[in-house]
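Subject: The structure we talked about, with notes

Hello,

Here is the structure that I promised to hand over to you.

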Amino acid sequence: KNEKNTTANKIVALKNGNFLLSLSVEDEMSKEQIRLIKFDIHKNILLDKVIATRYASVLKDIKEYANGQFAGVGYVKDKEDTDALAVMLDKNFNILAQEHYGDIAYDTFEKVSILKNGQIAAIGTKANKIWVVKLDKNLSIAGK
């Protein structure tokens, strides 16, 4: 209630029976910021955190690892550029790693999958073309 432009991006059923909402919310400077809300089946809010970053940032998709950590993807933008964004979060939504990918163009990740070996696969657009990227848990591009 009474919040600036909040957008729902994803709802995830967690392994322990709880749920996670990935939202974007405008801050006082009208920049999108990541907001994550963990709640139970009775709608009790267990954790509500805004991840404030220097640039506008949004998580379009998020997945949970077996150990309770999370891999999220989306985009980060400033006045002149939009880059794809990948983040690793702990169970309390603290950032463990964060990376931006792309050139001077509109680059974004839309979906993420956790692979059996712990790497993540992300799909999105890069300069208006589809791209698929495989990342290690430290968010470096796999195989480099």
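Two strands are said to pair if DSSP finds at least two bridges between them, and the strands themselves (E, at least two residues), like helices (H or I, at least four), are DSSP runs numbered from the N terminus. With that in hand, you can find Asp61 standing opposite Val73 in β6. The strands β5 and β6 pair in the antiparallel sense over 8 bridges, and they form a hairpin with 5 residues between them, where Gly68 in the turn has a positive phi of about 90°.

Before going further, please keep in mind that this is a predicted model, in which local features need pLDDT of at least 70 and side-chain atom pairs count only at pLDDT 80 or more, while totals for chains, interfaces and linings use all residues. Residues are numbered from 1 along each chain as its sequence is written, and side-chain values use heavy atoms, with hydrogens and water left out.

Strand β5, residues 56–64, is mostly covered, since 7 of its 9 residues are buried, where buried means under 20% relative accessible area, exposed over 50%, and partly exposed in between (1.4 Å probe, protein chains only). Glu80, by contrast, sits in the loop between β6 (70–77) and β7 (82–89), and it counts as exposed because its relative accessibility is 74%. Glu80 and Phe39 are 41 residues apart in sequence and 36 Å apart in space, taken from C-alpha to C-alpha.

A search of the whole structure finds 4 aromatic pairs; rings of Phe, Tyr and Trp (its six-membered ring) pair if their centres lie within 6.5 Å, and planes under 30 degrees apart count as stacked, over 60 as edge-to-face and the rest as tilted. One of them is the tilted pair of Phe70 and Phe93, with 5.6 Å centre to centre and 55° between the planes. This pair links distant parts of the chain, for Phe70 is in strand β6 and Phe93 is in the loop between β7 and β8 (95–101), 23 residues apart. Phe70 counts as buried because its relative accessible area is 1%, and Phe93 is likewise buried, at 1% relative accessibility. Another tilted pair joins Tyr101 and Phe109, at 5.7 Å centre to centre and 50° between the planes.

Lastly, Lys137 lies over the face of Tyr65, at 4.3 Å from the ring centre; a charge sits over a ring if NZ of Lys or CZ of Arg is within 6 Å of the ring centre and within 35 degrees of the ring normal.

Best wishes
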